[in-house]
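Subject: Structure for you to look at

Hello,

Please find the structure we spoke about just below, and keep it open in a viewer while you read my notes.

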Amino acid sequence: MKIDDAVVAVRDFHMGTGAPVAEQPRLLPGDRHAAETLAGQLSSLKSGIATADGDVLMQRAAMAIEELAEWLLAHASGDLVAAADAWADRAYVLLGDAVAAGLPAAELFAEVHASNMTKDLVADGTGKARKGAAYRPPNLADILKSAGTKL
């Protein structure tokens with residue numbers, strides 16, 4: 001699955017659940033002070049993470065926290081360019097997690113999306129969906145096995 005296809009898939013889910021869908025780039029509406037406060041808390045948390053040589057999990061966690069803090073700070077300061085940079089960095093780190101773990105990212109994403117679309121979509125603006133009678137959980141084990149993993 002290409003990234004544009006993934007964006008369309010998530011957009012479809014957002015449309016179905018009434019979650020926000022913007023037609024052009026914008027900052028997310030929200031409490032800028034709370035965003036700044038949380039960014040500071042995340043930065044403190046990141047500083048406390050031990051990232052010893054060879055501890056790939058904690059190194060990647062620190063990167064993810066750092067980029068999330070930058071995303072929040074960009075919104076707190078009203079800087080759309082910084083928000084776009086932080087979003088792209090977050091996506092890069094997340095894809096890097098898949099690369100570092102050898103996960104078949106496109107297949108896993110497609111399966112989770114297919115599962116999500118079996119949920120009862122309720123356009124209540126929360127972005128959530130309910131697991132109704134038609135819900136089918138994602139079959140991630142088979143994808144991992146196909147990738148050569150022994151579970």
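The notes below go from the whole chain to its pockets and then to one residue.

Please bear in mind that this is a predicted model, in which local features need pLDDT of at least 70 and side-chain atom pairs count only at pLDDT 80 or more, while totals for chains, interfaces and linings use all residues. Residues are numbered from 1 along each chain as its sequence is written, and side-chain values use heavy atoms, with hydrogens and water left out.

The chain has six helices and two strands, where helices (H or I, at least four residues) and strands (E, at least two) are DSSP runs numbered from the N terminus. Read from the N terminus, the order of these elements is α-α-α-α-α-β-β-α. The C-alpha atoms fill a box of roughly 40 × 40 × 25 Å along the principal axes, and 22% of the 151 residues are buried; buried means under 20% relative accessible area, exposed over 50%, and partly exposed in between, with a 1.4 Å probe and protein chains only.

The largest pocket has a volume of about 1500 Å³. A pocket here is an open set of points on a 1 Å grid over the protein atoms alone, where a 1.4 Å probe fits, with protein on both sides within 12 Å along at least five of seven lines, and lining residues have an atom within 4 Å of a point; the volume is the space filled by probe spheres set on the points, which are joined across faces, edges and corners. Its lining consists of 33 residues, and Ile 3, Val 7, Val 10, Trp 87 and Ala 91 lie nearest the centre. Two or more lining residues come from each of α1, α4 (80-101) and α5 (105-116), with α4 giving the largest share, eleven residues. By class, the lining has 25 nonpolar, two polar and six charged residues, where Ala, Val, Leu, Ile, Met, Phe, Trp, Tyr, Cys and Pro count as nonpolar, Asp, Glu, Lys and Arg as charged, and the others, Gly among them, as polar.

The second largest pocket, with a volume of about 270 Å³, is lined by 15 residues, and those nearest its centre are Val 10, Phe 13, His 14, Asn 116 and Gly 127. Both α1 and α5 supply at least two residues of this lining, which divides into eight nonpolar, five polar and two charged residues.

Which helix holds Val 10? Val 10 is found in helix α1, residues 3-17, and it counts as partly exposed because its relative accessibility is 34%.

Best wishes
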